Amino acid sequence: MLCLLTPITQGAIAEPPPLAEGEGPQDVGSYAEHTRARQLVEQGLKHVGAKSYGEALVSFQDAIQLDPTYARAWNAKGATLYFLGRPEEALAPLNRAVALDPNYRMAHWNRARVLESLGRSEEAAAAQSQAEAIVAAWR
């Protein structure tokens with residue numbers, strides 16, 4: 001099971017406070033677009049909690065269209081594809097989430113679960129080790 005399943009269904013995914021005008025990635029089109037992308041991810045997480053994965057996927061994809069640098073949206077898209085039984089498709093968005101934020105523990109963890117489900121045990125172990133290294137660095 002992916003790490004996102006429990007936080008999504010319990011609504012406990014931690015999110016930093018909203019960005020102030022001018023903060024955040026410089027290549028984001030606008031503050032309003034990033035804010036809307038965050039709202040869409042929250043909406044998508046509610047859909048996942050209700051097991052409405054198709055609707056969740058639309059929300060995450062819309063968020064990515066608004067802010068393609070938003071790693072949380074990519075991670076959520078990958079987890080949702082996995083929930084839909086599409087692990088081969090789930091891997092690309094999870095890879096993108098990790099590329100955008102190499103310290104995003106949940107993306108590494110979800111990537112490990114997907115790789116394991118695809119029978120790619122060595123890669124899964126490496127992704128799991130990366131997630132564990134991030135946690136260890138926080139301590």
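Helices (H or I, at least four residues) and strands (E, at least two) are DSSP runs, numbered from the N terminus.

This is a predicted model, in which local features need pLDDT of at least 70 and side-chain atom pairs count only at pLDDT 80 or more, while totals for chains, interfaces and linings use all residues. Residues are numbered from 1 along each chain as its sequence is written, and side-chain values use heavy atoms, with hydrogens and water left out.

## The chain as a whole

The protein chain holds 7 helices and 0 strands, so that, read from the N terminus, its elements run α-α-α-α-α-α-α. Of its 139 residues, 43% count as buried, where buried means under 20% relative accessible area, exposed means over 50%, and partly exposed lies in between (1.4 Å probe, protein chains only). Among the contacts in the chain with a separation of 6 or more, 53% come from residues 24 or more positions apart; a contact means heavy atoms within 4.5 Å.

## Helix α4 and its surroundings

Because 12 of the 13 residues of α4 are buried, this helix is largely enclosed by the rest of the structure. The buried residues include Arg 72, Trp 74, Asn 75, Lys 77, Thr 80, Leu 81 and Phe 83. After α4 comes Gly 85, whose phi is positive, near 80°.

Lys 77, which lies in α4, is buried yet has no salt bridge, and the nearest side chain of opposite charge, that of Glu 89, is 7.5 Å away. When residues up to four places away in sequence are set aside, Lys 77 touches Leu 57, Phe 60, Gln 61, Ile 64 and Pro 93.

## Salt bridges

A salt bridge is a side-chain nitrogen of Lys or Arg within 4 Å of a carboxyl oxygen of Asp or Glu, and by this rule the count comes to 3 salt bridges.

| Arg 72 | Glu 42 | 2.7 Å |

Since Arg 72 lies in helix α4 and Glu 42 in helix α2 (residues 31–49), their pair ties together parts that are 30 residues apart in sequence. Arg 72 is buried, with a relative accessible area of 8%, whereas Glu 42 counts as partly exposed at 33% relative accessibility. In the pair of Arg 86 and Glu 89, Arg 86 is partly exposed at 31%, and Glu 89 is partly exposed at 42%. Arg 120 is likewise partly exposed, with a relative accessible area of 34%, and Glu 123 counts as partly exposed at 35%.

## Aromatic rings

A search of the whole structure finds 1 aromatic pair, and this pair, formed by Tyr 53 and Phe 83, is tilted, with 5.4 Å centre to centre and 45° between the planes. Tyr 53 lies in helix α3 (residues 53–66) and Phe 83 in helix α4, so the pair ties together parts that are 30 residues apart in sequence. Rings of Phe, Tyr and Trp (its six-membered ring) pair if their centres lie within 6.5 Å, and planes under 30 degrees apart count as stacked, over 60 as edge-to-face and the rest as tilted. Tyr 53 is buried, and Phe 83 is buried too.

Elsewhere, the charged end of Arg 113 sits over the ring of Trp 109, 4.4 Å from the ring centre; a charge sits over a ring if NZ of Lys or CZ of Arg is within 6 Å of the ring centre and within 35 degrees of the ring normal.

In helix α7 (residues 121–138) lies Ile 134, which counts as buried at 5% relative accessibility. Ile 134 and Asn 103 are 31 residues apart in sequence and 6.3 Å apart in space, C-alpha to C-alpha. Leaving aside neighbours within four places in sequence, Ile 134 is in contact with Pro 102, Asn 103, Tyr 104, Arg 105 and His 108.

Conventions
Lys and Arg count as positive and Asp and Glu as negative; His and the chain ends are not counted.
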